[in-house]
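Have the chain and its model open side by side while reading.

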Amino acid sequence: MIQNNYFQSNEDLKEHFYDLIDWNEIVPIYENQFSDAKLYESTKNARLEMAPSSVEEAVAYYEEILKSCGEISGMYVSQVASTVDAKGLKFENGEVIHPKEMVDVIQMYHDAGLGPAAFKRKYGGLGVPSIIKAMIAEIMYRSDSSITIAVGSMGLAAILEVCASEEMKQEWIPKLISGNYTVTMGLSEPDFGSDLPNITTKAVKNGEDWLLNGTKRFQTVACGINGNPGITLTLARTGTQESGARGLSFFIVENKDYQIQGIEKKLGIKASATCETVFENSKGHLVGKEGFGLVKYVMGMLNGARLSVSSQGTGIVTAAYEEAFKYANERIQFGKAIYEIPAVKRMLDRMERELAGMRCLMVEAAYSVDKYYWYEDGREVYPEESKTAKFWEKVANTLTPISKYYNSEMCNDLVYDGLQVLGGAGYTEDYDLSRLYRDARITNIYDGTTQIQVNAAIGGITSGMTGTGTFRAYLDHLAKGSEGNKTLTEIRNLFESIVDTFKLIQDQGTKEAYSFEVVESAARVVIGYLMERSKNKSKSRKELRSKWCQEFHKDSYAILTSNHIKLKSV
């Protein structure tokens, strides 16, 4: 793979960081008016030493993190990715063995302090907002998915900051960070994948302890890394089987207390251990309140996972585009570089602008979380702040499944084209496109398939498009500064007609079958507005962004027209 710093060499990502994001909107909210810096002055708590005391200090801190991440990902991880993929995993006597090259670069991330990016400083984390977490994930996923999954898995435990008791947070989060734990979501079972309300893993109280029995499937890195510790955040039944979602609770179970039955042989992410785990009177530590496991805690954890997959899609496509672009400019046929062949150039141009749209959506979804998530901190909230936070929470609940669905589907689409640029060479293992193509395929499957994301988003879109609806207000917010763009106005009007037509469908089954057309249309409208906003704010690449917008809107108009025709024909 191309070897360079994956932050400093990415002009579009850098422009988002330096010019397009208004840090004055995010930093004071996230930093709670720099309370950590003030607390450090009085307590000298070492965990708070890096806490910024101004927006400028915060941005400089974030910049150093991204540069460090870009250096490790682009200079080291990228160079062992194909080797790690080729070696894959071994399973012997109940133990999963990872390639040494993988273990070495994982340690580099941990030595740089990048493992605990998801946690607050007071527990030993980096203390960065969701936008920076999204950028870190994109950079890491560009270099390799299997390695990034292993390092980034720790971020799943950030849900503990929301739902665990303060005593549990202080006990477990610093331990996870210092011990370089891996973390997995203990949800799916052999007979229940997405049908979580009916899972059968049982948790029974035995004195002061909880003991779990059952089997979980598709448990990513539940084994830990070559003997290192790991935990499974496990959904288990504490009520009766008939109690459904309300009978499920949430537990921490350490990997020393369960067995790895085997690992899956997969199409892609071959060095990411996908385990089947068996609980036999395994000790569990109850998180939060009994019975809240699925209805509150797991859904919060899945939102974070959706953002991560959105970043994964963006990172994989960045790798595919850069590798394909390099090849197209070096491969000479008919006396010229194949980049000069119009059909090839057209594919690469589409990859470039659609990637720009994916990144806009990735950043915006993370931004929407940053605009409300502080509300979970328990800090004092004024009525107007509460109103704003609740608005952005509703936006985030719709935008995060849209970003997961859209960036994972587009990832598959664009990596397909990237491989096509290389032709027969792309189909061989001599080039990285074949690995990227295989790794891309999981993105629209795990952490909720595209169909589940569509189901999660459709209600927020349709109910949100009423006269006083949240999604309508959000689109109006995005449209500021682009009111004079006739093409965008036509696309918005077409979207309104699509929603109206969808609402006229009487049969619920038919509605569910055609929800995709509505959600896809909503995604194109949102991204269209975001790309226009980026163009308007751009200082150095306005001409390029104008070209992207023009072609993106043209494609959107065609997509929405097609979707409208389909819905009218129902």
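The model is predicted, so local features need pLDDT of at least 70 and side-chain atom pairs count only at pLDDT 80 or more, while totals for chains, interfaces and linings use all residues. Residues are numbered from 1 along each chain as its sequence is written, and side-chain values use heavy atoms, with hydrogens and water left out.

Helices (H or I, at least four residues) and strands (E, at least two) are DSSP runs, numbered from the N terminus. Two strands pair if DSSP finds at least two bridges between them. Begin with strand E4 (residues 202–206), which is antiparallel to E5 and joined to it by five bridges. Lys-205 has Trp-210 in E5 as its bridge partner. The two strands form a hairpin with two residues between them, and Gly-207 in the turn has a positive phi of about 70°.

Strand E5 (residues 209–220) also runs antiparallel to strand E9 (residues 274–287), with eight bridges between them. Here Gly-214 is opposite Phe-279 of E9. Strand E9 has other partners. Strand E7 (residues 248–254) is antiparallel to E9 and joined to it by three bridges, and Phe-251 is paired with Leu-286 in E9. Strand E8 (residues 259–263) is likewise antiparallel to E9, through four bridges; Ile-263 faces Cys-275 of E9. In a regular strand the side chains alternate between the two faces of the sheet.

Now turn to the helices. Axes are lines fitted to C-alpha atoms, for helices over the stretch in contact, and angles run from 0 to 180 degrees between N-to-C directions. Helix H16 (residues 486–503) packs against helix H19 (residues 542–568) at an angle of about 20°, with the axes 10 Å apart. That angle makes H16 roughly parallel to H19 (under 35 degrees counts as roughly parallel, over 145 as roughly antiparallel, 65 to 115 as roughly perpendicular and the rest as oblique). The contact (heavy atoms within 4.5 Å) includes Leu-488, Ile-491 and Phe-495 of H16 and Tyr-557, Leu-560 and His-564 of H19. By class, the contact of H16 with H19 has nine nonpolar, eight polar and two charged residues. Ala, Val, Leu, Ile, Met, Phe, Trp, Tyr, Cys and Pro count as nonpolar, Asp, Glu, Lys and Arg as charged, and the others, Gly among them, as polar.

Helix H19 also packs against helix H11 (residues 342–373), at an angle of about 90° and with the axes 10 Å apart. This makes H11 roughly perpendicular to H19. Glu-352, Arg-353, Glu-354 and Ala-356 of H11 meet Leu-544, Trp-548, Glu-551, Phe-552 and Asp-555 of H19. The classes in this contact are four nonpolar, no polar and five charged residues.

Helix H15 (residues 470–479) and helix H18 (residues 515–537) pack at about 25°, with axes 9 Å apart. H15 is therefore roughly parallel to H18. Among the residues that meet are Phe-471 and Leu-475 in H15 and Val-525 and Tyr-529 in H18. This contact has ten nonpolar, one polar and one charged residues.

How many aromatic pairs does a search of the whole structure find? The search gives 22. Rings of Phe, Tyr and Trp (its six-membered ring) pair if their centres lie within 6.5 Å; planes under 30 degrees apart count as stacked, over 60 as edge-to-face and the rest as tilted. The rings of Trp-23 and Tyr-62 have centres 5.6 Å apart and planes at 55°, so this pair is tilted. The pair links distant parts of the chain, with Trp-23 in helix H2 (residues 23–30) and Tyr-62 in helix H4 (residues 55–87), 39 residues apart.
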